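Work through the following exercises with the structure open beside the text. Each task sentence is followed by a solution that goes step by step.

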Amino acid sequence: MGNKYENAFLDLASKLDALVGEHGEITKYAIAIVENQDQIATITLLKKISDVVDLKKHIQEVQLLAKALKDSLIKYYGYITVLNICNKDLIVEDNRTLPELLSELNELIGLNNVKIKVNDLIAYQKVQQMRKAKGLTSTKNTLHLAFMGKPGTGKTTVARIVGRIYKQIGLLSKGHFIEVSRTDLIAGYQGQTALKVKKVIEKAKGGVLFIDEAYSITENDHSDSYGRECLTELTKALEDYRDDLVVIVAGYTEPMNKFFDSNAGLKSRFNTFIEFEDYTADELEEILLMMCNRNEYILNEDAKKKIRPVLQELVERKDGNFANGRLVRNIYDELIMNHAKRVVDIENPSREELSLIIANDYKELGN
């Protein structure tokens with residue numbers, strides 16, 4: 001059962017393997033999962049990831065890569081499948097306050113249009129809650145959202161924050177976040193897709209159900225009867241559980257428009273459509289510097305001067321597959337790898353040498 005998340009999953013497993021010196025163990029379990037859907041390998045890999053996180057608590061890069069691998073496993077298999085294999089709930093409690101969540105939202109780099117719309121939406125929902133508490137008529141608009149834009153523009157991050165904020169202002173009973181893909185929603189034979197969707201909805205009730213690349217449900221030009229069955233059940237759930245479930249669908253703008261056209265009642269269930277714009281070159285540089293800072297790396301001025309025009313060129317000649325934040329992540333990964341290959345040969349390197357990224361560390365990056 002290969003799918004489009006397979007390569008990303010294997011690549012992340014290999015990177016974590018190399019970073020923590022597991023000598024191929026993590027990659028071995030990942031291959032067993034991809035080739036045989038081995039449930040024991042799945043449980044073992046999740047335990048490995050957990051052990052790595054515990055043992056390398058103070059190494060930010062390991063923490064980020066371990067989380068990325070776990071997220072990739074969930075995307076590859078589907079959240080519900082992983083849940084069933086592990087026979088446990090993957091929901092993590094988040095006890096941050098409303099001011100802390102709003103601060104996290106507003107401190108995100110760029111996304112000014114998104115922040116304005118989300119803040120307006122939260123203000124509206126808070127006032128409706130207050131009106132209801134005072135016995136006034138409150139408008140019962142649905143909470144469901146559509147996020148439109150290219151990959152790497154922060155759609156998943158914002159979706160998670162929105163779920164927590166809705167919990168804090170009393171709109172959701174749990175505020176947890178479940179991300180699903182076509183794999184979670186579509187069954188292999190007629191009549192079972194509806195049951196599969198119902199199980200996903202049951203898990204998501206009280207929180208946020210996030211469907212990235214939602215148009216993949218109808219990816220076969222609407223001739224996919226399984227996709228139509230899924231949308232029928234999903235559309236029903238959007239109405240039936242509107243008081244304690246937020247469904248956020250996301251993806252490229254044009255395919256998302258086609259997705260909404262694929263079901264007559266679907267678009268009417270969504271009140272809010274938010275466009276996530278591409279990052280500017282300055283914002284991409286800011287994201288890169290933030291990644292370095294969080295992981296205790298320092299980009300010196302010569303390196304900045306070398307990278308800045310490349311980012312500008314990438315933004316100017318971008319195509320439909322422009323990867324935004326993911327592009328920066330790739331640059332960052334290459335920078336720290338090149339830095340490591342340079343510094344490993346220094347005898348007893350200083351703290352500064354272990355932290356400083358110089359212009360020559362950019363040499364292997366292509367435009």
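**Exercise 1.** State the volume of the second largest pocket, and find which element gives the most to its lining.

Solution. The second largest pocket of this predicted model has a volume of about 960 Å³. On a 1 Å grid over the protein atoms alone, a pocket is an open set of points with protein on both sides within 12 Å along at least five of seven lines, whereas a cavity is a set where a 1.4 Å probe fits but cannot get out; lining residues have an atom within 4 Å of a point. Grid points are joined across faces, edges and corners, and a volume is the space filled by probe spheres set on the points.

Next, turn to the lining, which counts 25 residues, with L19, I59, E61, Y297 and I336 lying nearest the centre of the pocket. Two or more lining residues come from each of α1 (6–20), α4 (60–77), α15 (325–343) and α16 (351–355), and α15 gives the most, with eight residues. Helices (H or I, at least four residues) and strands (E, at least two) are DSSP runs, numbered from the N terminus.

Finally, sort the lining by type: twelve residues are nonpolar, six polar and seven charged. Here Ala, Val, Leu, Ile, Met, Phe, Trp, Tyr, Cys and Pro count as nonpolar, Asp, Glu, Lys and Arg as charged, and the others, Gly among them, as polar.

Two notes apply to these exercises: residues are numbered from 1 along each chain as its sequence is written, and side-chain values use heavy atoms, with hydrogens and water left out. Since the model is predicted, local features need pLDDT of at least 70 and side-chain atom pairs count only at pLDDT 80 or more, while totals for chains, interfaces and linings use all residues.

**Exercise 2.** In what order do the strands of the open sheet of five strands stand, and which of them stand at the edges?

Solution. The order is β2-β3-β4-β1-β5, with parallel pairing, where two strands pair if DSSP finds at least two bridges between them. Each of the edge strands, β2 (177–180) and β5 (272–276), has a single partner strand, so one side of each is left without a neighbour in the sheet.

Looking at one pair in detail, β3 (residues 208–212) and β4 (residues 246–251) run parallel and are joined by five bridges, and F210 stands opposite I248 in β4.

**Exercise 3.** State what share of the protein chain is made up of buried residues.

Solution. Of the 367 residues in the protein chain, 47% are buried, where buried means under 20% relative accessible area, exposed over 50%, and partly exposed in between (1.4 Å probe, protein chains only).
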